[in-house]
Amino acid sequence: MRDESGTAVILAAGEGRRLEPLTNRRPKPMVPVANRPLLEHVVEAVAAAGIDRVVLVVGYRQERLRNHFGDGDDWDVTIEYVEQSTQLGTGHAVLQAEPVVDGPFVVLNGDRIVDADAVSAVRDRLRDGDAPLVTVTAVERPRDYGVVHLDGDRVTEIDEKPEGPVDTNRINAGVYGFTPAIFDAIRATNTAGELAITATLNDLAGSGEVTALGYDGRWLDVSNLWDVLSVNAALIHDSDHASDAPAAGQRVGDTVTVADDVVLAGNVRVGPNATLSGATAIGSNVSIAANAVVENSVVLPDAVIGPGAVVRDAVVGGNARIGPNATVVGGNATVVVGDAVHRDVTLGGVVGDNASIGGGATLTDGAVVGDDVRADAGVVIDGRVESGAVVRRG
């Protein structure tokens, strides 16, 4: 099964619990940004790098991935699927590709968007026999990722989300180059809990076997709900499709204000005097009623924004309903995810799939409403509302 153009293994089996409720019904790589799934942007980078064979490691809600990507013809690649039935870590995920890989291969994460240059650079170095490879990039908050320590171009350690002092802003960019020798190395790795690929790389780094490859191009990561908004904005601003001709079936009246950085999918209906602005992506079959305001938001397919509603800095799930004159306030918030408290993040609110927010209701900064929630008219929602709940006044 060797292919001279190379093989890319994309890890797309994860659930993405920090993105709940968006991942209750879809795997994390299928969360849409700029009206397309995260994973689609990754596959496009692989294809643009000249690699035409893709192995997708799938698991959680895998039918969503298989149905969307099929055999890969729409992206000019051949896609094969291998299953990670239980999510036991990234190293374990890579190991699932062993039966279909017999030569050097590139590994990418299905939820991190990089330029094709990162993929082709790793592929080209593999042709020179330089493996294992780890791409390294610089970020503003290295503590949130795997901090990479170097000796020249050799990796000495990858420190995952360090708690102590950090003396470098260089992190693991999540694009790797391996030969089949990595499979035995993974099996030889002893760890407690999940088997991360970085644990294997740290073992190999101890004997000077891991090479770093610098990368300073686009690197977009979706780890938390507010990242959906920032990555969506980055993709819209990096492209020119926001000003393209209207998609099929759009009904947007002359009195509607649509900013240049707004992306509208097909069959979107926008009522009179509505305003759409601020790096906003509106999915297919969405209806936005008269006088509504939608700003810096991601609205998934089939949602309805009622007349006079104001939705700022928000993610609105599929088939959700925002009632007349309801408000998602927008702005910076403090959001608790598990045991972690994240302060000063831009997130007006999240409304899950099939949720219904009554007329005149208000979501305060950082509110997260689960799937299938029913919120009465006029309620104020603060914090997190679990899926299926009913929120009543008083």
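Visitor: In which loop does Pro21 lie?

Guide: In this predicted model, the peptide bond from Glu20 to Pro21 is cis, with omega near 10°. As for its place in the chain, Pro21 belongs to the loop between S1 and S2.

Visitor: Where is Pro132 found, and what is omega for the cis peptide bond that joins Ala131 and Pro132?

Guide: Pro132 is found in the loop between helix H4 (116–127) and strand S8 (133–138). The bond joining Ala131 and Pro132 is cis, and its omega is about 0°.

Visitor: Is Ala13 buried or exposed?

Guide: Ala13 lies in the loop between S1 and strand S2 (32–33). The cut-off for a buried residue is under 20% relative accessible area. The relative accessible area of Ala13 is 4%, so Ala13 is buried.

Visitor: Which residues does Ala13 touch, not counting residues up to four places away in sequence?

Guide: Ala13 and Leu65 are 52 residues apart along the chain, and their C-alpha atoms are separated by 9.5 Å. Leu65 is one of the buried residues of helix H2. With residues up to four places away in sequence not counted, the residues that Ala13 touches are Val57, Val58, Gly59, Tyr60, Gln84 and Gln87.

Visitor: Why do the buried residues of H2 lie on the same side of the helix?

Guide: In helix H2, which spans residues 62–69, the residues Gln62, Leu65 and Phe69 are buried. They lie on the same side of H2 because the arc they cover around the axis is only 60°.

Visitor: Which elements are included in what covers the buried residues of H2?

Guide: The buried residues in question are Gln62, Leu65 and Phe69. Their cover includes one helix and several strands, namely helix H1 (38–48), strand S1 (7–12), strand S4 (53–58) and strand S5 (78–83).

Visitor: Which residues of H1 are buried?

Guide: H1 is mostly covered, with eight of its eleven residues buried. H1 also contributes to the cover of the buried residues of H2. The buried residues of H1 are Leu38, Leu39, Glu40, His41, Val42, Val43, Ala45 and Val46.

Visitor: Which residue takes a positive phi just after H1?

Guide: Helix H1 spans residues 38–48. Just after H1, a positive phi of about 90° is found at Gly50.

Visitor: What is the relative accessibility of Arg61, and how does Arg61 count?

Guide: Arg61 lies in the loop between S4 and H2. Its phi is near 50°, which is a positive value in a residue other than glycine. The relative accessibility of Arg61 is 35%, so Arg61 counts as partly exposed.

Visitor: How does Asn291 count in terms of accessibility?

Guide: Asn291 is found in the loop between strand S20 (287–288) and strand S21 (293–295). Phi of Asn291 is near 65°, a positive value although the residue is not glycine. At 46% relative accessibility, Asn291 counts as partly exposed.

Visitor: With which residues is Val256 in contact, leaving aside its neighbours within four places in sequence?

Guide: Val256 has its place in the loop between strand S14 (251–252) and strand S15 (257–258). With a relative accessible area of 12%, Val256 is buried. Leaving aside neighbours within four places in sequence, the contacts of Val256 are Val270, Gly271, Pro272, Asn273 and Ala274.

Visitor: What radius of gyration does the chain have?

Guide: The secondary structure of the chain comes to seven helices and 37 strands, and its C-alpha atoms fill a box of roughly 65 × 45 × 35 Å along the principal axes. For 394 residues, a compact globule would have a radius of gyration near 21 Å. The chain agrees with this, having a radius of gyration of 22 Å.

Visitor: How many Å apart do the centres of the positive and negative side chains lie?

Guide: The accessible surface of the chain comes to about 16200 Å², and 44% of that surface belongs to carbon and sulfur atoms. The chain has 31 positive and 56 negative side chains. The centres of these two sets lie apart by 6 Å.

Key
Residues are numbered from 1 along each chain as its sequence is written. This is a predicted model: local features need pLDDT of at least 70, side-chain atom pairs count only at pLDDT 80 or more; totals for chains, interfaces and linings use all residues. Side-chain values use heavy atoms; hydrogens and water are left out. Helices (H or I, at least four residues) and strands (E, at least two) are DSSP runs, numbered from the N terminus. The radius of gyration is taken over C-alpha atoms; the globule rule is 2.2 Å times the number of residues to the power 0.38. Accessible areas come from the Shrake-Rupley method with a 1.4 Å probe; for residues, only the protein chains shown count as cover. Lys and Arg count as positive and Asp and Glu as negative; His and the chain ends are not counted. The place of a charge is taken as NZ of Lys, CZ of Arg, CG of Asp or CD of Glu. Buried means under 20% relative accessible area, exposed over 50%, partly exposed in between (1.4 Å probe, protein chains only). The arc is that of the directions from the helix axis to the C-beta atoms. Contact means heavy atoms within 4.5 Å.
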